[in-house]
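Here is a short briefing to read alongside the structure. Keep the viewer open and follow the topics one by one.

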Amino acid sequence: MVNSAYMKSISQIIYIENGLYKQCMQTVTLIPGDGIGPEISSAVMKIFEAAKAPIRWEERNVTAIKGPGGRWMIPPDAKESMDRSKIGLKGPLKTPIAAGHPSMNLLLRKTFDLYANVRPCVSIEGYKTPYTDVNLVTIRENTEGEYSGIEHVIVDGVVQSIKLITEDASRRIAEYAFEYARNNQRTSVTAVHKANIMRMSDGLFLRKCREVAENYKDIKFTEMYLDTVCLNMVQDPTQFDVLVMPNLYGDILSDLCAGLIGGLGVTPSGNIGANGVAIFESVHGTAPDIAGLDMANPTALLLSAVMMLRHMGLHDYGNKIQTACFDTIRDKKVLTKDLGGNSKCSEFTAEICRRIQDMA
Amino acid sequence: MRIPKQPPPARYGGRHTVTLIPGDGIGPELAHHVRELFRFCCVPVDFEVVNVDSSMASEDDINNAIMAIRRNGVALKGNIETNHNLPPSYKSRNSLLRTTLDLYANVMHCQSLPGVRTRHKNIDIMIIRENTEGEYSSLEHENVPGVVECLKIITKTKSLRIADYAFRAARATGRRRVTAVHKANIMKLADGLFLECCKEVASGYPEISFDSMIVDNTTMQLVSRPQQFDVMVMPNLYGNVVSNVCAGLVGGPGLVPGANYGEDYAVFETGTRNTGKSIANHNTANPTAMLLASCLLLDHVKLHAYASMIRRAILSTITETRLHTADLGGQGSTSEVVQSIMNAVQSTGPQTLSI
């Protein structure tokens with residue numbers, strides 16, 4: 001581990017010549033996924049090639065296998081690749097119903113301790129929705145809360161589901177939220193909670209957020225009830241900046257915000273884990289009905305890849321690709337079916353590549 | 001909306017007695033306007049005012065209020081503030097009232113109102129939310145320092161009861177479709193039980209189509225195409241989220257009334273239950289929600305003529321943009337709006353008290 005970091009820094013130094021800093025290729029683990037996954041992944045790879053982004057893709061499959069001891073786990077080569085590269089890009093994964101193993105997303109989350117789900121929601125000019133000027137980020141705690149999966153039948157007809165809130169997880173997500181705000185020039189962080197009803201659990205979450213806010217005095221910290229956020233979000237989404245919240249509220253609010261900008265087909269998403277691992281993904285489904293027909297819309301995966309570039313510090317490439325994508329959508333000449341046009345996925349991809357090459 | 005099954009509350013000398021709990025924030029001024037309007041219209045309703053002091057730790061105030069509601073059967077209430085910085089033993093007063101009186105159904109009818117500019121048009125959704133259990137059970141404990149568990153309880157009896165209420169309400173109002181909102185893919189046992197109960201009840205109402213939707217997809221659909229929904233039934237927390245989203249879609253918290261029905265009691269309030277602390281006593285609050293809630297109250301006690309008269313007057317005032325209050329983007333004041341409603345009543349209605 002130390003060696004590869006050392007080698008990486010050495011190779012970066014070697015490449016500085018005549019004041020020109022040539023970045024070395026960085027490896028990213030690519031998980032194409034199922035359904036339309038492979039098509040949109042290849043679309044993203046093509047666009048990155050056109051932009052000459054210094055990314056080397058390592059394709060891996062994450063279908064669960066039964067490891068020693070009978071526990072389901074992701075294939076060891078996928079895990080090894082991810083541990084090495086630390087960055088992943090994932091397409092949509094099929095949730096198996098009768099395969100016997102848990103959902104792949106859950107498995108990935110547990111394997112890499114992906115504790116923060118980040119969804120920046122920015123209105124896309126050219127893809128009209130009733131809401132314009134949306135520009136907010138939802139940061140959702142992804143490991144505990146209402147989705148702990150701890151449920152019991154107390155007596156016949158009475159079920160209890162346990163919502164777990166811990167100090168450590170709350171502190172971790174709050175710290176991530178403030179760090180994110182600072183690194184991305186965001187001005188305020190709002191904690192979303194229901195502490196008037198769930199006094200102890202959301203109260204603990206809120207206390208941790210307040211404590212962390214003390215260390216980030218340059219960022220404005222506010223607290224708002226979940227219902228007030230929902231009420232204000234559908235009337236005036238411009239008043240929100242960064243939102244941090246526990247699992248269930250995060251699930252609902254992040255999908256609400258995705259709906260504001262046009263749905264899951266155009267929303268990027270990133271999962272940040274412990275040990276520096278980050279997996280960026282498209283959150284839409286596998287769309288088996290259009291798989292293989294060259295009709296898929298790669299925007300969601302592309303924007304997630306842009307998020308990934310920004311995470312890696314490659315802001316120039318990220319901006320270039322994002323501008324090309326938004327310009328194509330704004331132009332409305334070459335759009336896939338779900339965006340209101342009738343072009344093929346390959347045509348949409350080619351158009352974006354053309355714009356990138358024109359920009360260079 | 002009352003389902004004809006409960007006996008009307010007791011009347012003395014032809015006049016109804018209704019408990020009035022002003023609450024905090026904008027509650028007292030809105031309660032005052034309701035009384036003013038009722039007196040002007042000669043509505044045969046007397047209000048028994050019970051004040052609940054939210055800063056007191058003892059539960060005497062809220063118990064008095066509950067006793068008054070038991071006595072009268074009907075109440076109109078403002079929201080009582082919950083200071084969540086107090087220790088957890090201090091329960092939310094509003095929650096206490098709902099669970100003690102077993103007001104199991106919270107009904108919120110969100111309709112697009114004429115004259116109010118919103119991004120979406122033609123919304124007509126009835127939201128029926130389980131009001132007493134689910135995530136609001138207030139059962140929390142800290143087993144290990146730093147780890148808090150909060151219990152969400154779903155029972156078969158209450159789920160069946162709320163599902164039954166939803167289908168009866170749909171049948172009574174001629175609605176065609178009931179959608180259950182849940183998260184049973186994650187909370188398999190809890191929301192799974194709720195969904196099963198809804199399906200069971202649905203089988204007894206063949207003329208009403210029943211479907212279900214996961215809560216995150218529901219919110220996404222609500223902001224893109226809210227016209228697809230008719231009646232929605234759901235557990236407590238999702239009800240909170242969905243009702244606030246719908247209230248925002250039709251114009252905000254100042255426009256939608258809410259009703260809480262139990263077997264024996266009914267309590268009416270604003271739909272989104274806000275205290276409006278920041279605009280209290282500024283004369284800028286929108287009285288529409290509270291006044292429409294009082295119309296629901298009049299319908300409940302079978303004073304339908306008065307209810308329609310006041311409702312008509314409110315709707316005609318809403319269409320006048322220059323009277324819109326700040327939450328609707330205008331600059332009108334609360335008293336102007338109420339005055340205009342009274343004028344509208346006077347010009348169309350029966351004998352009214354001279355101003």
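**A loop residue to begin with**

Asn275(A) sits in the loop that runs between β15 (268–273) and β16 of chain A. Please keep in mind that this is a predicted model.

**Positive phi angles**

- Most residues other than glycine have a negative phi.
- Asn275(A) is not a glycine, yet its phi is positive, at about 60°.
- With a relative accessibility of 65%, Asn275(A) counts as exposed, because the cut-off for that class is over 50%.
- Asp102(B), also not a glycine, has a positive phi of about 55°.
- You will find Asp102(B) in the loop between α3 (93–100) and β5 (105–111) of chain B.
- Asp102(B) counts as partly exposed, as its relative accessibility is 26%.

**A buried serine in a strand**

- Ser188(A) belongs to strand β12 (residues 188–193) of chain A.
- Its relative accessibility is 12%, so Ser188(A) counts as buried, the limit being under 20%.
- Setting aside neighbours within four places in sequence, Ser188(A) is in contact with Ile219(A), Lys220(A), Asp241(A) and Val242(A).

**The largest pocket**

- The volume of the largest pocket is about 1,700 Å³.
- Both chains supply elements that give two or more residues to its lining: α4 (104–112), β8 (114–122), β10 (145–155), α8 (247–261) and β16 (278–282) of chain A, and α6 (215–224) of chain B.
- The lining holds 45 residues, and Ser103(A), Asn105(A), Arg109(A), Asn185(B) and Ile186(B) lie nearest the centre of the pocket.
- α4(A) provides the largest share of the lining, five residues.
- By type, the lining residues are 14 nonpolar, 17 polar and 14 charged.

**Helix α9 of chain B**

- Why does a span of 21 Å agree with helix α9 (residues 304–318) of chain B? The helix has 15 residues, which at 1.5 Å a residue should span 21 Å, and its end C-alpha atoms are 21 Å apart.
- The buried residues in α9(B) are Ala307(B), Met309(B), Ile310(B), Ala313(B), Ile314(B), Thr317(B) and Ile318(B).
- Covering these buried residues are elements including α1 (27–40), α8 (288–300) and α10 (334–348) of chain B.

**Domains of chain B**

- The domain assignment divides chain B into domain 1 (1–116 + 253–349) and domain 2 (119–250).
- The contact takes 25 residues from domain 1 of chain B and 27 residues from domain 2 of chain B.
- Taken over C-alpha atoms, the centres of domain 1 of chain B and domain 2 of chain B are separated by 24 Å.

Technical notes. Residues are numbered from 1 along each chain as its sequence is written. Chains are lettered from A and ligands numbered from 1 in the order in which they are written. This is a predicted model: local features need pLDDT of at least 70, side-chain atom pairs count only at pLDDT 80 or more; totals for chains, interfaces and linings use all residues. Side-chain values use heavy atoms; hydrogens and water are left out. On a 1 Å grid over the protein atoms alone, a cavity is a set of points where a 1.4 Å probe fits but cannot get out, and a pocket is an open set with protein on both sides within 12 Å along at least five of seven lines; lining residues have an atom within 4 Å of a point. Grid points are joined across faces, edges and corners, and a volume is the space filled by probe spheres set on the points. Helices (H or I, at least four residues) and strands (E, at least two) are DSSP runs, numbered from the N terminus. Ala, Val, Leu, Ile, Met, Phe, Trp, Tyr, Cys and Pro count as nonpolar, Asp, Glu, Lys and Arg as charged, and the others, Gly among them, as polar. The expected span of a helix is 1.5 Å times one less than its number of residues. Buried means under 20% relative accessible area, exposed over 50%, partly exposed in between (1.4 Å probe, protein chains only). Contact means heavy atoms within 4.5 Å. Domain bounds come from an automatic or database domain assignment.
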